[in-house]
Amino acid sequence: MWRRLSLFCAAVLTAMAGLQGAGAAQSAALAPTREACRNLGNGNLCIRVAPTSSLAAKITVWYDKNAGAKRYIRLRYYSPGQVGWDDGAFWISTGQVKGYIWYDQPLTQGCFIGQLQDLTDGGLGVTSGGYVCY
């Protein structure tokens, strides 16, 4: 009886060790962080997608303004089936870098695009910047 119990315990411990090893291998197998920028003429609009699990990512979009007049903008990211907006419009001047981070966003197959909406003159259009694909 004790021999069966100790063999059972040994089997459970071996299985648990295997699961821990599988977990380490799984976390090591995360998709790579990807980043891309696009020059818009007055600055660079960039996106970074950093997977935090096989299903989620931290997404960062930022605008590095290096020329032109002060602008009133919003940032967002777009991927098929999802759009993430920042918390509201803000002013940006030449020499400033401003961005927004979204946590625990769905990591889907397809492309993620950093986008900027310039509201300075009442515009509603969206300009696309860098993009990365998974």
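Predicted model: local features only at pLDDT ≥ 70, side-chain atom pairs only at ≥ 80, totals over all residues.
**View 1. The disulfides of the whole structure.** A search of the whole structure turns up 2 disulfides. One of them joins Cys-37 and Cys-46. Another joins Cys-111 and Cys-133. Number the bonded cysteines of the chain in sequence order, and the pairing reads 1-2, 3-4.

**View 2. The disulfide of Cys-37 and Cys-46.** The two sulfur atoms lie 2.0 Å apart. A disulfide is called when the sulfurs are within 2.5 Å, so this pair qualifies. The torsion about the S-S bond is about 110°, and therefore the disulfide is right-handed.

View 3. Cys-37 is partly exposed, at a relative accessible area of 44%. Cys-46 has a relative accessibility of 2%. Buried means under 20%, so Cys-46 counts as buried.

**View 4. The disulfide of Cys-111 and Cys-133.** Here the sulfur atoms sit 1.9 Å apart. The angle about the S-S bond is 95°, and this link is right-handed. Cys-111 belongs to strand β8, which covers residues 111-118. Cys-133 belongs to strand β9, which covers residues 126-133. The pair therefore ties together parts that are 22 residues apart in sequence.

View 5. Is Cys-111 buried or partly exposed? Its relative accessibility is 28%, so Cys-111 counts as partly exposed. Cys-133 has a relative accessibility of 32%. Cys-133 also counts as partly exposed. Partly exposed covers values between the buried limit of 20% and the exposed limit of 50%.

Note on methods
Residues numbered from 1 in each chain as written. Heavy atoms only, no water. Buried < 20%, exposed > 50% of the residue type's maximum accessible area, 1.4 Å probe, protein only. Helix = DSSP H or I, 4+ residues; strand = E, 2+ residues; numbered from the N terminus.
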